[in-house]
Amino acid sequence: MNLDDSGNIIKIHKIDPKVIQDLQMKNVLPTNDVFKYDYYNKAGVKQISAKVIAVIRDGQIVDSVERGLNCQLVLDKTNFYAEGDDQAGDEGILSCKKKEMLQVAILLTYQLMKSIGLACSRNHTALHILSAVLKNNLSYFFPLSANVGPKELSLNFTTKGNITDGQLKIIEKNVQDYINAKLDVTQYQMPLETLKDMPPCKTALIKEFAHLVPVVEIGKSNEQGLLKSVEPCCGTHVKSTEEVGSFIIISQNTKDKEKVIRAVTGKQALIVGKDGQNYDRQLTELEKYVTACLEKPQVDVLELWDCLKEIKEAKVYHETELPLMLFREHQEKLSELREKLAKATNSFVQNGFKEVKQEMTDVLKKFSKENFIVHHLSSVGDGRRIINYAIDHSGEKPALYFVKDGYKSIICSCSVPKSFVDSSFSALLWINPVASVLEGRARTSNKDQELYYSVVSKRTHKVEQAIDIAKRIYRISF
Ligand SMILES: [Zn+2]
């Protein structure tokens, strides 16, 4: 099985077409794989034994292969699902009693990695339910392709216009309702001409089966108001929809005109659900705190500035895959709060910028006799903007500034004109010891990677010590 990091199938040819030709010439019959559907309880498919009918080593059919070497085997039967019909292949262990050599006619026992096989069966079942629900809920639904792996499922399709959050919520709930309804999932063969829905993405599958096409049916037509889905498919599925467990949509994107929905089920859904709960708890706390700060009768603008930074950070960053609907709900709240905070801090930002213009005139006067500038700016506002202004207006001197950015952080930036840069002094060499006192990491800006560095720190009480270090480093260097 070949999956990428997110569990999607990577399509590559694993057997040389020439080897297949050789096998056919030797009248080696295709492996009987009906056992992959022998799903007998929640533990998955039954274990079976199989006989080796061909051994392939380095693209050649051989009689045997010694212990410790890689080879490919052709078996008379298998309970593994081979990659196909948008579903990832199974993984497992083959074992035999004979230890020295592997040869034709030897008997092997399969041990399927149950967790992977089962996860694929759950996801494949959910994929059919999702398709049926989309068809019921969207005015137009045209499936293009799908991917089912052990980690997640994804469905590519086209529809008219955008899918709203409200629609997505209903879609997710409908799928979960059908899962909870314990609908039967059955697989059988159907004459091609009686198949009503034949999505173009299934053409290859249909071509493979001339008259009778394998289909999977979920729900029964006589169950009123319930789902009924019949689709051509040769993937593996669970026997009852309830075995799918939870269903959570983790993303919905539009690429060109194609829509993609990604979702998780079973154990993976439990993990995503738990991460979602943690995210929800943290964000709800932050939103409550920010709302309280905004509603204080005497607003503290520095506190609001800290809030704004935290909200911006929370908006762009989250560590794990999350339930999409929950994520979007918080995104909406965060946008609302960000707007309120930007309004509330607007004049503070403007004033800070006016202040630094005045302050820089004094700073340049104060340092006119020095070869360098190390200064803690007293202007208060958008720290980043203030310090950038100071750096840009320092003339042709190495300059290093500190500025308060809200209550919680301090920014330090430095610039060193090219003529001052040598093997013992540069912007990075100057700021690194300062960054280590502040326990932050010096980062270069995009505008001039050699000459400009900056560090943001929460250790506001270390500024005096950092200023001393910065002055000392300069004096040692020159
Ligand atoms: Zn299927």
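Modeller: Leu108 counts as buried because it has 20 C-beta neighbours inside 10 Å; buried means 20 or more other C-beta atoms within 10 Å of the residue's own, exposed means 12 or fewer, partly exposed is in between, and C-beta atoms are placed from the backbone. This is a predicted model, where local features need pLDDT of at least 70 and side-chain atom pairs count only at pLDDT 80 or more, while totals for chains, interfaces and linings use all residues. Residues are numbered from 1 along each chain as its sequence is written.

Biologist: Where is Leu108 found?

Modeller: In strand E9, residues 107–112. Strands (E, at least two residues) and helices (H or I, at least four) are DSSP runs, numbered from the N terminus.

Biologist: And which residues does Leu108 touch?

Modeller: Leaving out residues up to four places away in sequence, Leu108 touches Ser49, Ala50, Val52, Leu75, Leu94, Ser95 and Cys96. Contact requires C-beta atoms, placed from the backbone, within 7 Å. Ser49 is 59 residues from Leu108 along the chain, yet their C-alpha atoms are separated by 5.5 Å.

Biologist: New topic. In what order do the strands of the open sheet come?

Modeller: The order is E12-E13-E14, three strands with antiparallel pairing; two strands pair if DSSP finds at least two bridges between them. E12 (185–191) and E14 (229–232) are the edges, each with a single partner strand, so one side of each has no neighbour in the sheet.

Biologist: How many bridges join E13 to E14?

Modeller: Four, with E13 covering residues 212–218. One of the residues involved is Val215, whose bridge partner in E14 is Pro232.

Biologist: Now the cores. How many residues has the largest nonpolar one?

Modeller: It has 42 residues, and Ala126, Ile129, Leu130, Val175, Phe247 and Ala263 have the most contacts inside it. A nonpolar core is a set of buried Ala, Val, Leu, Ile, Met, Phe, Trp, Tyr and Cys residues joined through C-beta atoms within 7 Å.

Biologist: Which element gives the most to this core?

Modeller: H2, with eleven residues. A second, separate core of 37 residues includes Phe402, Val403, Phe420 and Val434.

Biologist: Last one. Which residues of helix H8 are buried, and what covers them?

Modeller: In H8 (residues 383–392), the buried ones are Gly383, Ile386, Ile387, Asn388, Tyr389 and Ala390. Their cover includes helix H7 (324–366) and strands E18 (399–405) and E19 (409–415).

Key: Two residues are in contact if their C-beta atoms, placed from the backbone, lie within 7 Å.
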